[in-house]
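Here is my note on the structure you asked me to look over.

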Amino acid sequence: MSLPRAVYAELESVVGSRNISEKEYILAGNRAQTPEIPFPHRSADAIVLPGSTEQVAEIVRICNRHGVRYVGTVSGGIPTAYATEENTILIHFKRMNRILEINEKDRYAVVEPGVRHVQLYPEVRKRGLSYTAAAVGPGGSVLVNIACTGGDHHNQYGSSRPTRYLLGVEMVTPEGEILRTGSLEAGAGWFCPESAGPSLRGVVKGYSGNAGHIGIVTKCAIALDRCKGPAETRSEGVSPHSRIYMDGGCSRVYVFNYSSIQDVGRAMLALGESEVGATVQKYFYLPLSLMMTASANEFWEKWGRFREAFPMPLVVHLAPHSVRELEYEEKILFDVIRETGGVRLPRDLEKWWEEHMDYFMIVSRLQSVLRLGGSWLPIKTGGESVRHLCDIGDSISGFIHDFTDTGKIFDAPQNYQIIPMEYGHFASFELLFMWDRLDPNSFRYMQEFCTVSRETDLKNHAHSMTAGGYGKAGEALGRLYCNCHLWAGRIREAFDPSFTMDA
Amino acid sequence: MTLLYPETAADVREIILAARRSGKGIVPVSSGPPHFHGASVNPEADTLDLSRMKRVMDIDRRSRFIRVEPGVTFGELLPQAAEQGLRLNHPFLPRPSKSAVASALEQEAVLIPKYQYDYPDPLLTVETVFGTGDIFRTGSAAGPGTYEENTSDKVIPWGPGPFDYYRFLTAAQGTIGVVTWATLKAEIAPSASRLFFIGSVFPELLLDLAGRLLLDRVPDECVILDRNAFAMAFAEAGREDEFRTAAAPWMLLCRVCGYDRYPEERVEIYSGYVKDACAAFGLTAETEPAIPAAPAEIERMLTDCDRRETYWKLKRGAERELLTLVPPSKAAGVLAEMTNSFPEAGFVVSPQVQGRAFRIECDLFLEDTASQTAAADEALFSLAGRLVPLGAYFDRPYGRLPELLYRDPLALDAMKRLKSIFDPDGILNPGKLCF
């Protein structure tokens with residue numbers, strides 16, 4: 001079904017004829033194609049490319065007038081970034097890709113939605129600064145990661161979750177108005193996210209993001225930190241054989257293997273108490289093995305050794321200010337590792353990290369995780385104390401072997417990550433599993449696994465994930481989380497009374 | 001005006017439901033007197049005094065948090081935290097009767113900016129009774145299950161789900177809900193430390209130095225004082241002039257710390273960073289400045305509340321203050337306008353959120369007469385009006401400051417929509433802020 005001609009013409013008058021299309025080959029390129037979702041997504045009826053906040057507001061008002069649904073999208077990395085119903089247009093932000101400001105004195109950057117990590121990160125890094133780039137790879141939208149979706153940063157141990165770094169926001173409301181939040185609403189610039197009073201920042205994003213349901217964020221400021229390690233990096237080679245180094249005497253990576261997640265947790269907490277390390281993380285060994293190999297064949301060749309060598313790897317990047325401090329940090333690190341029973345990886349394996357320091361910046365090899373061609377899904381994507389998340393990690397062995405030992409999912413039972421933040425005050429969790437999507441039963445197995453995982457956590461009253469969603473969709477979990485689905489529904493209704501934004 | 005003294009969240013709920021039926025407003029108050037900002041003063045409302053809700057529910061060293069009810073004061077809590085090897089990220093020299101929960105909810109300036117990642121920090125999770133009478137828990141305290149069933153430490157502040165409910169409660173002056181407990185982030189108490197005094201005639205130099213040090217996450221406590229505030233804060237009664245004369249016009253107090261492992265070594269290394277940074281600015285970091293007080297006593301006071309008989313801000317009988325938040329690029333200009341306007345005032349400049357902003361506090365120390373305080377209120381409001389175009393942001397708008405805010409009709413409308421969800425009858429602190 002195509003849009004009524006009059007609606008198309010109105011939209012065209014806003015963005016110009018070059019920035020709107022309903023051609024099939026254009027629409028086909030903007031359908032969800034993520035392999036983990038084994039059913040086709042429909043096409044949008046048109047796609048428009050606004051160039052400014054004002055154009056976005058005008059598009060939203062046109063949609064409201066004519067009852068057309070709309071979805072904002074940039075990278076298309078999540079299923080909600082696509083049309084799911086008839087009579088829907090995609091608002092694509094590829095033209096709104098400007099870095100509007102990098103303010104070194106006040107330590108923030110202002111970006112539009114189309115700005116990718118690969119665009120912003122080098123700009124701030126060369127100024128000696130950094131930010132918490134959610135671990136989505138270099139093609140991800142900075143604004144979407146920080147303002148609109150959940151997302152944790154693999155290196156947030158010495159900083160925090162990206163949500164802490166969202167500052168002033170400009171957004172187009174579902175009614176087509178341009179709303180500014182924080183200090184911006186008082187005309188005091190971008191630096192503070194909080195309103196003077198009940199903060200509208202709370203509407204923009206919670207633990208998870210709103211994925212555009214409460215408005216389309218068209219500009220936001222993000223806070224900047226000092227970069228860990230030298231501002232200059234050195235690269236050589238061509239992907240997938242490229243190398244990126246942090247030279248100098250104050251950057252060093254160590255990787256240890258553990259046999260108990262509780263011991264990993266003790267190490268994380270002890271290092272955090274001493275504020276030692278720029279990155280401390282228990283990473284998933286399956287994606288890591290994929291990232292450490294250049295092809296599927298190489299992966300299968302080495303997977304046996306890797307799964308023996310580091311089923312529970314603790315990755316530590318030290319990046320202090322001086323050689324003396326590096327020695328001090330190493331002394332504490334090795335004390336902690338000794339006390340907690342960690343075993344250092346063989347040098348040939350540990351060296352991989354030193355040659356791929358991009359891992360500690362924007363995790364730029366992440367796409368190789370998809371190399372095996374199966375489907376994958378992250379679950380238990382919640383946050384809590386290190387202690388609690390280690391208990392959740394322990395509980396996985398109670399049910400996962402029924403699936404890994406029978407081939408229903410990939411045999412990698414320890415494939416979860418725990419990433420501390422704020423020096424171990426809390427952490428994020430993610431259990432990532434993969435399955436063979438060519439197996440006709442695989443979708444059912446995936447659903448069974450998700451159900452067992454969730455039931456285990458609910459039986460233990462473990463906070464492995466936040467609740468989410470509105471109304472009926474969020475009711476099942478919301479009832480167990482202080483009826484938050486009802487409050488979320490009321491907020492959504494207050495800001496989007498006609499529910500025109502895609503749900 | 002009626003005084004109500006709930007002891008449990010259920011009591012608070014009953015009171016709110018009764019208020020909804022009667023239409024009579026209520027205003028929560030947690031701290032003991034004196035009250036400085038007037039947020040808890042409302043002639044249109046009954047006072048909901050939470051001072052009897054005094055349980056210290058949890059002090060957890062492993063996960064570094066403290067959970068308390070709103071009646072627990074800094075005077076009571078700081079020693080209990082210290083017994084467990086923990087400390088709170090509290091404001092500069094707070095009064096002992098100040099509620100630790102209220103301080104966090106009000107987003108008071110913290111003294112250790114390296115531990116503060118955004119403005120509500122160190123507030124983590126809360127239980128609240130909304131103006132509807134519903135009891136709600138924020139972040140990971142929400143669930144799954146009841147408070148008792150939920151096996152987590154209840155420390156993740158965000159959510160539940162796609163909204164940050166705790167941000168609706170901070171700086172809201174009790175207009176959205178009544179908080180019945182809060183989880184606060186706690187930090188490891190240092191095993192060794194060194195306090196540096198860095199003096200200068202030029203406050204802008206100290207602002208830049210603080211920013212430089214915090215970019216590298218060097219200091220723990222970090223605050224800039226002018227000589228008036230320094231004297232009023234640290235001198236024994238009657239010796240303020242002596243302190244004022246001896247102190248540098250502006251002073252950055254900056255403490256470096258070592259924790260459980262090799263603490264002295266960390267202090268040495270980080271002292272070197274402080275000295276190097278000072279040298280780059282042409283400044284000197286002293287540990288034994290020429291002031292009539294033992295540095296150890298200053299350090300002790302800096303890490304505690306003011307336990308003296310008379311609170312430091314009230315030595316002359318009364319005090320009026322103006323609080324503002326500025327980004328680093330605006331701090332020098334705003335501070336210059338403030339000091340030019342009130343050269344006799346005391347100034348406390350607290351770097352916040354890792355040094356990405358400064359909270360500036362202008363303290364007028366007054367005799368307790370109606371004429372003096374009224375004149376001070378008027379003069380400070382006038383000053384606030386002059387500061388707005390210079391980039392000052394009044395994110396904690398007490399008294400008449402709301403008159404300078406809420407000029408964006410869309411943002412105002414959005415805040416009113418929020419208010420109507422959580423307090424549909426407008427019974428919580430009616431008339432405050434923009435409500």
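1. The model is predicted. Its chain B holds 12 helices and 16 strands.

2. On overall form, the C-alpha atoms of chain B occupy a box of roughly 65 × 55 × 40 Å along the principal axes. Chain B has a radius of gyration of 21 Å, which agrees with the value near 22 Å for a compact globule because that is what 435 residues would give.

3. Among contacts in chain B with a separation of 6 or more, 69% join residues 24 or more positions apart.

4. Between the chains, 75 residues of chain A are in contact with 71 residues of chain B. On the chain B side, at least two residues each come from β8 (135-137), α4 (165-169), β9 (177-188), α8 (263-280), α10 (328-341) and α12 (409-422). The most come from α12(B), which supplies 8 residues. By type, the chain B side has 38 nonpolar, 14 polar and 19 charged residues.

5. In chain A, helix α9 (residues 296-309) contains A:Arg305. Is A:Arg305 buried or exposed? A:Arg305 counts as exposed, because it has 12 C-beta neighbours inside 10 Å and the cut-off for exposed is 12 or fewer. A:Ser289 lies 16 residues from A:Arg305 in sequence, and their C-alpha atoms are 9.8 Å apart in space.

Notes: Residues numbered from 1 in each chain as written. Chains lettered and ligands numbered in written order. Predicted model: local features only at pLDDT ≥ 70, side-chain atom pairs only at ≥ 80, totals over all residues. Contact = placed C-beta atoms within 7 Å. Helix = DSSP H or I, 4+ residues; strand = E, 2+ residues; numbered from the N terminus. Nonpolar A, V, L, I, M, F, W, Y, C, P; charged D, E, K, R; others polar. Rg over C-alpha atoms; globule rule 2.2 N^0.38 Å. Buried ≥ 20, exposed ≤ 12 C-beta atoms within 10 Å, placed from the backbone.
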